[in-house]
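Please look over the model first.

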Amino acid sequence: GHFTFSTNTIAAHLDAKTGPELVISALAQLELVQGKASSTRTEILAEMKSATTYYNQTMRSNMTKSLARLTSAKRINQIAKDTYALSANERKQLEAKVADIG
């Protein structure tokens, strides 16, 4: 399915309150809406910043920790240096949640 939701909308629907949750929302937007297979740290940060209701400067300074925490929790995969993608399991769950927004 092709979705057209902004990161802000996805974050609202996922009730994103923390940096890692906003990283997930940004990756959901990049992968499920824009159709990217993986995204760079810069692209993820730009998407996070676009979610103006949720983003704050602290999330940028904690981004390395957020990415490491999500990677070790197997919610995202590090594809290459500074390049990430949702894990298959996380993607499946997000596809269902995002489909519910519509």
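## Terms and basis

Axes are lines fitted to C-alpha atoms, for helices over the stretch in contact, and angles run from 0 to 180 degrees between N-to-C directions. Helices (H or I, at least four residues) and strands (E, at least two) are DSSP runs, numbered from the N terminus.

This is a predicted model: local features need pLDDT of at least 70, side-chain atom pairs count only at pLDDT 80 or more, and totals for chains, interfaces and linings use all residues. Residues are numbered from 1 along each chain as its sequence is written, and side-chain values use heavy atoms, with hydrogens and water left out.

## Helices H2 and H5

Helix H2 spans residues 19-33 and helix H5 spans residues 63-72. They pack at about 75°, with axes 9 Å apart. H2 and H5 are therefore roughly perpendicular (65 to 115 degrees; under 35 is roughly parallel, over 145 roughly antiparallel, the rest oblique).

From H2, Gly19, Pro20, Val23 and Ile24 meet Ser66, Leu67, Arg69 and Leu70 of H5 (contact: heavy atoms within 4.5 Å). These residues divide into five nonpolar, two polar and one charged. Ala, Val, Leu, Ile, Met, Phe, Trp, Tyr, Cys and Pro count as nonpolar; Asp, Glu, Lys and Arg as charged; the others, Gly among them, as polar.

## Ser66

Ser66 lies in H5. Its relative accessibility is 4%, so Ser66 counts as buried (under 20% relative accessible area; exposed is over 50%, partly exposed in between; 1.4 Å probe, protein chains only). Not counting residues up to four places away in sequence, Ser66 touches Gly19, Pro20 and Val23.

## The sheet

Three strands make an open, antiparallel sheet, ordered S1-S3-S2 (strands pair if DSSP finds at least two bridges between them). S1 (39-40) and S2 (76-80) are the edge strands, each pairing on one side only.

Two bridges join S1 to S3 (residues 83-86). Thr40 stands opposite Thr83 in S3.
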